[in-house]
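Student: I'm new to this one. Can you walk me through it, a bit at a time?
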Amino acid sequence: MAKQILHRTVPVNGTGIFYREAGDPRNPALLLLHGFPSSSAMFKNLMTVLSDKYHLIAPDYPGFGFSAFPEVFDYTFKGVSECMNAFTDAIGLKRFFIYLHDYGSPIGMRICIHHPEKIEGIIVQNGNSYDEGNGPGWDETIAYWKNPTPEKKDKVYAFLSESGTREQYYLGLPEEYHPHISPELWMLDWERMQRPGNLDMQYVLNCDYLSNFSMFPLFQEYFRTHLPPALVIWGKYDPYFSVDEAPCYKRDLPEAQIHILDGSHMLLESHFDEMHQLITGFLEQKKPGN
């Protein structure tokens, strides 16, 4: 039963937050924060293989996965981050390693800078805290922010589609790794996004990504001040978050472990064995008592 994943929902400020949990709560904890357009489902394999030694918690953000999708909610990165921090309090998660991927990176980094006492260490997987990480996949969105014309809005909105959802898993990925991708994941993402009003919410949240850029200096100051143990893993073909960011962490975290894999955006799908090995090695080195 040690590897059994449990599925729970907890109220957080009136919003039902769905989460997956595995492992013994007495073991070191790892909070897993998903990206766009996914949910806690992206962590199922990792939770299973780590649950004999670690306590794994993977929540779905409001409007994502199986969490509630309230009509009234602050669908900004600040709002989602505050909800996720309140979630850790609601379940009694006091100190933990944190896994930052895609949207989960600015959401989790806000927890880090406001509550550094909670953080044992960070694992960054294709999620940026430096300007160098803005890959070409952001070009049309940034162009819209600078000059918000109706034509540019249509281009930005176009990625909120079945094909755009599928591309999150396949775009840039060498064809030899395509058989590694489980199709039910992107299909689940797209099914959840088809709830009434969800695409509009996703569009609003995506446009709020601009707010994260101004936070980067604060994230970097947190690194320099608190020097959290850090593992940085990147897929070198990721079109959304450029691999040029990976070495940037050494500026502020000289002891950070940096690894570049021959993949794209969803490394837990395409390169699970390598990810498992790197994450296990890092956690064994950095867990409390070592």
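Tutor: Let's begin with a loop. Proline 37 lies in the loop between strand E3 (29-33) and helix H1 (44-50). Helices (H or I, at least four residues) and strands (E, at least two) are DSSP runs, numbered from the N terminus.

Student: Which peptide bond is cis there?
Tutor: The bond from phenylalanine 36 to proline 37 is cis, with omega near 0 degrees.

Student: What kind of model is this, and how are residues numbered?
Tutor: It is a predicted model: local features need pLDDT of at least 70, side-chain atom pairs count only at pLDDT 80 or more, and totals for chains, interfaces and linings use all residues. Residues are numbered from 1 along each chain as its sequence is written, and side-chain values use heavy atoms, with hydrogens and water left out.

Student: New topic. What is the phi of asparagine 13?
Tutor: Near 50 degrees, a positive value in a residue other than glycine. Asparagine 13 lies in the loop between strand E1 (6-12) and strand E2 (15-22).

Student: Is asparagine 13 buried or exposed?
Tutor: Exposed, with a relative accessible area of 70%. Buried means under 20% relative accessible area, exposed over 50%, and partly exposed in between (1.4 Å probe, protein chains only).

Student: And what about the phi of leucine 227?
Tutor: Leucine 227 has a positive phi of about 45 degrees, although it is not a glycine. Leucine 227 sits in the loop between helix H10 (216-226) and strand E7 (230-235). Leucine 227 is exposed, at 51% relative accessible area.

Student: Where does aspartate 60 lie?
Tutor: In the loop between strand E4 (55-59) and helix H2 (77-90). Aspartate 60 has 0% relative accessibility, so it counts as buried.

Student: What does aspartate 60 touch?
Tutor: Not counting residues up to four places away in sequence, its contacts include Ile17, Phe18, His34 and Met84. Contact means heavy atoms within 4.5 Å.

Student: Switching to rings. How many aromatic pairs are there?
Tutor: A search of the whole structure finds 23. Rings of Phe, Tyr and Trp (its six-membered ring) pair if their centres lie within 6.5 Å; planes under 30 degrees apart count as stacked, over 60 as edge-to-face and the rest as tilted.

Student: How are tyrosine 130 and phenylalanine 223 arranged?
Tutor: They are stacked, 6.4 Å centre to centre, with 25 degrees between the planes. The pair links distant parts of the chain, 93 residues apart. Tyrosine 130 is in the loop between strand E6 (119-125) and helix H4 (139-146), and phenylalanine 223 is in helix H10. Both tyrosine 130 and phenylalanine 223 are buried.

Student: What about tyrosine 209 and phenylalanine 213?
Tutor: Their ring centres are 5.9 Å apart and their planes are at 80 degrees, so that pair is edge-to-face. Tyrosine 209 and phenylalanine 213 are buried. They belong to one aromatic cluster, which also includes Phe36 and Trp145.

Student: Last topic: helices. How do H5 and H8 cross?
Tutor: The axes of H5 (residues 150-157) and H8 (residues 198-207) come within 11 Å and cross at roughly 110 degrees. That makes H5 roughly perpendicular to H8. Axes are lines fitted to C-alpha atoms, for helices over the stretch in contact, and angles run from 0 to 180 degrees between N-to-C directions. Angles under 35 degrees count as roughly parallel, over 145 as roughly antiparallel, 65 to 115 as roughly perpendicular and the rest as oblique.

Student: Which residues meet?
Tutor: Lys153, Val156 and Tyr157 in H5 meet Leu199, Asp200, Tyr203 and Asn206 in H8.
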